[in-house]
Amino acid sequence: MGCLVQKRDLMQFSHIPKTVALLSSLVLLVAVPWIASDYFVMMCIRVMYFGMLTLSLCFLAGELGVVSLMQASFFGISGYFIAILQTRYQIPFPIPPLVGIGVAVSFAALTGLLVIRARGIYFLMLTLVLGQLVWALASQWASVTRGDSGITDIFAPVIFGISTEKSKSAFYLFELFFFCGVIYFLAALKRSPFGLMLRGVRDSEGRMAMLGYPVSLLRYLAFIFAAFVASIGGVFFAYFTGLINPHSVSLTTNVETLLAGILGGIQTLFGAILGTAILKILDLVLSGITQRYLLIMGILFLITIMFAPKGAAGALKRLWDSVASRTLGSGGPVRGASDDPFYEDTK
Amino acid sequence: MSLLVIMSLFNGLTLAALLFITASGLTLSFSLMRVVNLTHGAFYMAGGFIGVSVIKVSGSWLLAMLAGGSVMAVIALLEEKFLLRWARGNDLIETLISLSVAIIIGDLVLVIWGGYPKTIEIPAMLSGVWTIPVIDMVYPIFRIFMLGLAILIIVALWLFLKKTNLGITIRAGVDNFEMVSTLGINVRRLFTIVFCLSGFLAGVSGVVGGTFMMLVVGEDWRILTLTLIVIIIGGMGSLGGTIAGALITGLIYSFATAYIPEFSLFILFLPVAITLSIRPHGLFGAKA
Amino acid sequence: MKRKNWVVAITVVFFFIGAAAGHAMAVDEIRIGTIGPTTGWATIFGQGCLNGIKLALDEYNNEFNGVPIKVFSEDTKADVEVMRTKLDTLKTRDNVHLIIGPSLGHEGMAAVDWGARNPEVPMLIGYSAPEDITMRKATDSVIRPGWTGAQVIFNFGQYCAKDLGYKKIIIVGQDYSYPWDQAAGFIRGFLENGGEKVERIWHPVEAVDFSSIMAKLMNMSKEYDAVLNNSGGAQVVGFFKQWKQFGLDKVYPQILGQANVPIVSMLSELGDSALGVYSSLHYYDGNPSEANRKFRESFKKKYGHYPDVIAVQGYDAVHVAFKAMKAINGQVDDPKKFITALRQVKMSVDESPRGPFYFDKYANPVQNIYIKKVVKKDGRLMNEAVKTYEEVSQFGPYADMADKYMAAPATTRDYPPGDKISYFKEIEKYFGKGYVEKLKKNNGWVD
C-alpha cells in the first residue's frame with residue numbers, strides 16, 4: 001500500500017483517563033440539540049449517516065488496504081427495502097430496517113464471494129462495476145423500485161412514543177445512539193485479534209497464508225462487516241430524507257464517499273467522520289459562492305492524495321504531535337501496540 | 001423477425017467496434033503501467049468536445065479526430081509526467097490521482113462547452129445507407145466504417161506490439177518489469193509513450209463516439225463504466241481479451257435493447273458478474 | 001489530556017460554525033431563495049430557470065417599492081438529499097420569504113413533501129412537472145406557475161388522432177416518471193379521439209445506442225403510422241441522429257416530440273432534422289405576442305442566446321410573486337397572506353410570454369396549450385403554433401371530474417393501457433359509463 005501506510009509513530013500518552021475524555025465528548029454530543037441551532041442538528045444528522053457510509057469504506061481501506069467503490073450499494077439496498085416495505089406493504093417498524101440491513105448483508109455475502117479474490121486496483125474496478133450493477137437494477141427495475149423517480153413518503157418511526165419524523169432532536173438522538181454503536185463496533189473490531197489479523201493480511205498476505213491464517217475468510221468477513229455498517233447508515237438516510245432513488249447507489253455517491261475518506265484520512269475512524277464533515281460543510285459553503293464545486297473538489301482530492309495522504313486527520317495529528325513533543329519533552333512511556341483505533345491508524 | 005436478428009447482430013458488431021476503439025487505450029495503459037486510468041472516460045469526452053469545436057471551425061472530420069486525439073495525448077503526457085510519475089510504484093495512489101484528474105477535466109468540459117448535448121455530423125462521404133448484398137438489408141455506412149476502423153486499429157496495435165522493437169519491449173515490460181529496467185531500457189520514457197498513446201486513442205474514440213451518438217456532460221462516467229466492463233470480461237492487458245470483451249458486451253447490449261430494452265442496462269453488467277465468478281482474471285487475462 | 005482537549009476543541013469549533021450559521025438577518029429586505037440543479041448533468045434545467053428569474057428581477061430593478069431584494073441561489077446537484085438540506089438552509093439560515101424552484105421531477109416531488117412540513121415558506125415550483133405536486137399531494141404553501149406532464153399533451157394526442165389522422169403510434173421514451181406522465185396524457189387524448197393503439201417502448205434514461213430500437217421501429221413501420229420521441233436532453237440528439245442514420249425518415253412521417261424535444265436549446269443541435277416536428281407545450285418561442293417578444297429579446301441581450309421554456313418558468317414565477325406582493329403591499333413577512341395572494345394571481349396575455357393564465361384550486365395554472373411545429377424562419381429554426389387550445393387545466397378534458405381522475409390509478413410505465421379496448425374498459429371503470437357514452441356521441445372531446 002506504499003504511501004498510504006506511514007511509519008510507526010511514537011506516541012505520548014495521556015494523563016487523564018480515557019473514560020473521562022469519552023464521557024465528556026458523549027455528553028456534549030447528546031447535548032447538541034439543546035445547545036445548537038436546528039440547522040446545526042440537521043448537519044450533524046447528515047454527517048452521521050454519510051459518516052457511516054464513509055466509515056464502511058475507511059474500515060476496508062484501513063484494515064484490508066482495499067478501496068471499495070460499492071459501499072453505497074449496501075447503503076442504498078437497506079434504504080430501498082425500508083421504502084418498499086413501508087410504503088407499499090405498510091409493514092411496521094422495526095421490521096423494514098431489519099430486513100433492509102439483512103438483505104444488504106446477504107448481498108455482501110454474495111458479492112463478497114466475487115471480490116475477495118481481487119486485490120488492489122482490480123478490487124477497485126470490480127467494486128465499481130458491481131456498484132453500477134446495483135445502480136442499473138435500481139434504475140431499471142421500475143416495477144419494484146419505481147426507477148429513476150425513486151420511492152417517496154418514507155416516514156421516520158416513532159420511538160418510545162416520540163415521533164422522530166416530527167422532532168429533529170429526537171431523530172438526532174435516535175441516530176446518535178446507533179452511530180456510537182457503530183463506532184464502538186468498528187473500534188472493537190480494530191482492536192481485537194480479528195483486526196490484527198486483517199492488518200496482517202493487508203501488510204503481508206503471503207506470510208499470513210503461510211502461517212495458516214484463513215486469509216480468504218478474513219477478507220470475506222471484513223467485507224461483510226463493512227457492508228453491515230454502510231447499511232445502517234442507509235436506514236437513517238432513508239428515514240431522514242423521506243425518499244430513496246438510484247442516486248443513492250450511484251457512482252457519484254461512491255466517489256464522493258471515497259473523496260470524504262481521502263480528505264479526512266482513510267485509515268482512521270475519526271478521519272472518516274472528519275472527512276465527511278469537511279465534505280458536507282464545504283458543499284454548503286461553496287454552493288453559495290461558486291458553481292465550480294466539482295472542480296474544487298477534484299483539485300482538493302488531488303492535493304490531498306499527493307501531499308497529505310493521511311488526510312485532515314493525519315495533518316491534525318501531525319500538528320498535534322509536533323506541539324506535544326515540544327511541550328512535553330521526549331520522556332514518558334511509549335505507546336503500546338494497541339493504539340486507540342479511533343484516532344490513530346493502527347499498525 | 002429474422003431481420004431483427006440480423007440487424008441486432010450488425011448493431012452488436014458495430015457497437016463492439018466502438019467499445020473496442022474506446023477500450024484499447026485503457027487496456028494498453030494498464031498492461032504496462034498497471035494503472036487503471038480512470039481519467040480515460042474524461043479523455044473520451046474532452047476529446048470528443050474538442051472535435052466538436054474543431055469541426056465547427058474547419059469542417060474537416062479527419063482533422064477533428066486527429067485534434068481530439070492529439071490534445072488528449074498532450075494532456076495524458078502532462079498527467080503522466082507531473083502527477084502519476086510522482087506516485088510511481090503505488091498503483092492505488094496512481095489510480096486515485098487519475099480519478100481526481102477525471103473529476104477536474106469533467107468540470108472543465110462543463111465550463112468550456114456548457115451543459116447542452118452536442119453532436120458531430122457524420123462526414124458526407126460516410127453518411128447514408130448501404131444495401132448489404134445477399135441479405136438485402138440497408139445499413140448505415142458510418143457504422144460499417146467504424147467496424148473497419150476498429151479492425152485497422154487492431155491490426156496496427158498488433159503489429160506495433162508484436163513486430164516493432166518498442167512494442168516488443170512493452171510486452172516484455174508487461175511480463176517482467178524489473179528485468180526490462182535492468183537491461184538499461186528507459187522504462188520511464190516507455191510509460192510516457194504508452195500513456196500518450198492511450199490518451200490519443202481515447203480522444204479519437206471520443207470523436208468517433210460523438211459522431212455515432214452524442215456528447216454530453218456525464219458521458220465520461222458512462223463510457224468509463226462500459227470500458228471497464230469490456231476489460232474485466234476480456235481480461236486486463238490482452239488485446240485479444242479486449243476484442244472478446246467488446247464483442248460480448250456489444251452483442252449482448254444490442255440484443256437486450258432489441259428484445260427487453262427496459263433491462264438492457266442491467267443485462268450489460270450480468271456478464272461481468274458471471275465472468276468474475278468463473279474466471280476472475282477475465283477470459284484472456286493472465287494471472288497477475 | 002491531549003485527546004480530550006482535541007475532541008473538545010473540535011467540537012467547540014463545530015459548535016461555533018453551527019451557531020454562527022443561524023445568525024439573525026436584517027428585517028428590511030425581501031429575501032428570495034432559488035433552488036435547482038446548477039451543476040452537473042442537469043445544469044440546463046437549473047441554470048435556465050435561474051436565468052429567467054434574474055432577468056425578471058432586473059426588470060424590477062431588484063427591488064420592490066424601494067425595498068431591496070436579496071437572492072439566495074442554492075444548487076441541488078440533481079440530488080434530492082442535497083435539495084432537502086438546501087431547502088432547510090434557505091429557511092433556517094437565510095430566512096427567505098419565498099422559494100422558487102426546483103426544476104426536476106423527483107426534486108419537485110420531494111419539494112412538495114418539504115412544503116407540507118414547512119408551510120410557513122411559500123414555494124413557487126419552477127419546471128418540475130409531476131402532476132401529483134398539485135393533485136394528490138397538493139399542499140397550501142406550494143404553488144406551481146408551471147405545468148404538468150400530462151396537461152400539455154392531452155390535446156396533442158387529440159390533435160394526432162383527429163387532425164393528423166393517425167391510428168397507431170409508437171412512443172419511444174426514457175424510463176422514468178416524467179415520460180410515463182407524458183405518454184399517459186398522450187394516450188388519453190389519442191385513444192379517446194379516434195386513435196386505436198399506442199405501443200410504448202422504454203429504454204434506460206442514459207441509453208448508449210438506439211440502433212436496436214431503430215431496427216425494431218423499422219420492423220413495425222408497416223403497422224404503425226408515426227413515432228413519438230418521449231425523451232429529453234442528450235437522448236433526443238442521439239435518437240434523431242440514429243433515426244436519420246438508419247433511414248427511418250423514409251418510412252415514417254416526421255417525428256412527433258414530447259415537450260422537451262424541440263425546445264430552443266435543442267433546435268440548434270438538432271438542426272434541420274427537427275424540421276416539421278410536432279409537439280405541444282404551454283409556451284412556444286414563435287409566439288408573436290409583445291410579452292414574448294420583449295422576453296426573448298431582453299434575454300438574448302443579457303445572456304447572448306435565446307431562451308427556452310425553462311427560462312420562462314423562472315421569469316413567470318417572479319412576475320407572479322410581484323403581482324402577489326403588490327396585492328398585499330409588500331407584507332411578505334405574513335406567509336398566510338402572501339400564500340393566499342399568490343394563489344389568486346391572474347396573468348394576462350400581456351404579462352406572460354406564454355399567454356394568459358390563472359391558478360386552479362390546486363394552484364396549478366389553467367393556460368393555453370399550443371400544438372406547435374418546427375419551421376425555419378429567417379434562416380432560424382423555431383416553433384410555430386398550428387392550433388391553440390385555451391384554458392386547459394392540469395386535468396385537461398377531465399376538469400369537471402377531477403376527483404374521479406385523481407381516484408384512478410396513478411400513471412406508471414404501463415398504465416393507462418395503450419390499446420383501445422383495454423383502455424376503454426379502464427375509463428368505464430373510473431370515469432363511468434356516462435363519460436364513455438358522451439365520448440361516443442361527440443366522437444371524442446368537444447373542442
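Select Pro416(C), which lies in the loop between α13 (402-407) and α14 (420-431) of chain C. Helices (H or I, at least four residues) and strands (E, at least two) are DSSP runs, numbered from the N terminus. A cis peptide bond joins Tyr415(C) to Pro416(C), with omega at about 0°. This is a predicted model, in which local features need pLDDT of at least 70 and side-chain atom pairs count only at pLDDT 80 or more, while totals for chains, interfaces and linings use all residues. Residues are numbered from 1 along each chain as its sequence is written, and chains are lettered from A and ligands numbered from 1 in the order in which they are written.

**Two asparagines in chain C**

Stay in chain C and select Asn95(C), in the loop between α3 (80-93) and β4 (98-100). Asn95(C) is not a glycine, yet has a positive phi of about 50°. Asn95(C) counts as partly exposed, with 18 C-beta neighbours inside 10 Å. A residue is buried if 20 or more other C-beta atoms lie within 10 Å of its own, exposed if 12 or fewer, and partly exposed in between; C-beta atoms are placed from the backbone.

Next select Asn329(C), in the loop between α11 (309-327) and α12 (335-343) of chain C. Phi is positive here too, near 60° in Asn329(C). Asn329(C) is exposed, with 10 other C-beta atoms within 10 Å.

**Domains of chain C**

Colour chain C by its domain assignment: domain 1 (13-147 + 289-366) and domain 2 (154-286 + 368-442). The bounds come from an automatic or database domain assignment. Taken over C-alpha atoms, the centres of domain 1 and domain 2 of chain C are separated by 29 Å. Their contact takes 21 residues from domain 1 of chain C and 16 residues from domain 2 of chain C. Two residues are in contact if their C-beta atoms, placed from the backbone, lie within 7 Å. On the side of domain 1 of chain C that touches domain 2 of chain C there are 11 nonpolar, four polar and six charged residues. Ala, Val, Leu, Ile, Met, Phe, Trp, Tyr, Cys and Pro count as nonpolar, Asp, Glu, Lys and Arg as charged, and the others, Gly among them, as polar.

**Chain C against chain B**

Show chains B and C together. The contact takes 27 residues from chain C and 31 residues from chain B. On the chain C side, α2 (43-59), β8 (197-203), α7 (211-220), α8 (234-245) and α9 (264-270) each supply at least two residues. α7(C) gives the most to this side, with six residues. By class, the side of chain C that touches chain B has 11 nonpolar, 10 polar and six charged residues.

In chain B, select helix α2 (residues 40-58), where 15 of the 19 residues are buried. At 1.5 Å a residue this helix should span 27 Å, and its end C-alpha atoms are 26 Å apart, which agrees; the expected span of a helix is 1.5 Å times one less than its number of residues. Just after α2(B), Gly59(B) takes a positive phi of about 80°.

**The nonpolar core**

The largest nonpolar core has 346 residues, and Met52(A), Met125(A), Val129(A), Val229(A) and Ile229(B) have the most contacts inside it. Such a core is a set of buried Ala, Val, Leu, Ile, Met, Phe, Trp, Tyr and Cys residues joined through C-beta atoms within 7 Å. Helix α2 (residues 38-64) of chain A gives the most to this core, with 20 residues. The core also draws at least three residues from each of domain 1 and domain 2 of chain C.

Centre on Met52(A). Leaving out residues up to four places away in sequence, Met52(A) touches Phe179(A), Val182(A), Val229(A), Ala230(A), Ile232(A) and Gly233(A).

Then move to Leu53(A), in helix α2 of chain A. Leu53(A) counts as buried, with 30 C-beta neighbours inside 10 Å. Leu53(A) and Gly233(A) are 180 residues apart in sequence and 6.0 Å apart in space, C-alpha to C-alpha.

**Further stops in chain A**

Select helix α11 (residues 251-264) of chain A: 14 of the 14 residues of α11(A) are buried, so this helix is largely enclosed by the rest of the structure.

Finish at Pro94(A), in the loop between α3 (71-88) and α4 (95-115) of chain A. A cis peptide bond joins Phe93(A) and Pro94(A), with omega about 5°.
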